Amino acid sequence: MTRSQTMVFGAPTRRTEAWRVYRIRTANSEYELEVQEPGGARRCTVLTKLAGEAAVQSFEDSQPRVGERCLYDVSPLEWMGQPLAVGTACTTPIQSVDFVRHAPLRTQRAAATPKNTLVFSEAPARASRPAPAPDTAAPAPKSWAPFPLGCVEMLEAAASVLGAVCHQPSLASALEGDPRLAKRYRLALAQCGVLLETLDARARDA
């Protein structure tokens with residue numbers, strides 16, 4: 001399916017299929033990305049730009065793209081550093097991805113999709129622009145898929161967090177002025193190393 005044939009759904013609709021929900025951050029913006037689980041005849045993805053916990057605008061797409069590839073063909077670990085295109089919206093390069101939860105229902109978003117392609121500039125929102133009232137419903141608790149898929153998703157989430165740290169080249173110099181924080185950093189890094197060695201050894205013995 002070419003980009004011109006992409007099916008764009010109405011953003012306020014509700015569906016009953018299972019969804020995976022991610023929190024995505026770019027340079028100055030934050031988004032919620034809802035990806036429909038595979039299995040149906042046609043999948044859908046919803047990108048919502050957030051202002052705090054309030055939804056600013058939502059876009060739906062059956063063929064979302066990360067860089068030049070279809071999002072469904074790319075692991076979340078490969079989203080880092082790539083722009084995301086959903087419907088008529090295109091973000092700047094992604095800096096971090098966090099898996100949030102599985103959701104049986106997609107969150108309803110009140111949004112108007114513009115006719116022309118919208119490229120998020122990452123500029124702070126203007127104070128004069130009113131934002132929709134935040135959803136007063138209690139947030140769904142974070143959950144993982146059943147074993148063993150849930151364990152793989154946990155590792156993907158951990159890798160995305162480490163990737164975000166690795167993308168901070170000034171971290172070492174920033175820690176030089178805070179010995180206590182530098183010690184915490186070294187201890188956490190050592191613990192990550194031990195855990196990775198343990199998992200690697202189990203994989204070799206399996």
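**View 1. Overall composition of the predicted model.** Of the 206 residues in the protein, 33% are buried. The model shown is predicted. Three helices and 10 strands are present, and their order along the sequence is β-β-β-β-β-β-β-β-β-β-α-α-α. Among the contacts with a separation of 6 or more, 60% join residues 24 or more positions apart. The accessible surface amounts to about 12800 Å², and carbon and sulfur atoms contribute 59% of this area.

**View 2. Strand E3 and its pairing partners.** Strand E3 spans residues 45-51 and is mostly covered, with six of its seven residues buried. Strand E2 (residues 30-36) pairs with E3 in the antiparallel sense through six bridges; Glu 34 lies opposite Val 46 of E3. Strand E4 (residues 54-61) also pairs with E3 in the antiparallel sense, over seven bridges. In this second pairing, Leu 50 is placed opposite Ala 55 of E4.

**View 3. The hairpin of E3 and E4.** Two residues lie between the strands of this hairpin. Gly 52 adopts a positive phi near 70° in the hairpin.

**View 4. A nonpolar patch on the helices.** Val 161, Val 165, Tyr 185 and Leu 189 form a nonpolar surface patch of about 330 Å². Helix H1 (149-166) and helix H3 (179-205) each provide at least two of the patch residues.

**View 5. Tyr 185 within the patch.** Tyr 185 belongs to helix H3 and is a member of the nonpolar patch. Its relative accessible area is 35%, so Tyr 185 is classed as partly exposed.

Notes. Residues are numbered from 1 along each chain as its sequence is written. This is a predicted model: local features need pLDDT of at least 70, side-chain atom pairs count only at pLDDT 80 or more; totals for chains, interfaces and linings use all residues. Side-chain values use heavy atoms; hydrogens and water are left out. Patches are made of residues with over 30% relative accessible area and no salt bridge: like charges are joined within 9 Å, nonpolar side chains (Val, Leu, Ile, Met, Phe, Trp, Tyr) within 5 Å. Accessible areas come from the Shrake-Rupley method with a 1.4 Å probe; for residues, only the protein chains shown count as cover. A salt bridge is a side-chain nitrogen of Lys or Arg within 4 Å of a carboxyl oxygen of Asp or Glu. Helices (H or I, at least four residues) and strands (E, at least two) are DSSP runs, numbered from the N terminus. Buried means under 20% relative accessible area, exposed over 50%, partly exposed in between (1.4 Å probe, protein chains only). Contact means heavy atoms within 4.5 Å. Two strands pair if DSSP finds at least two bridges between them.
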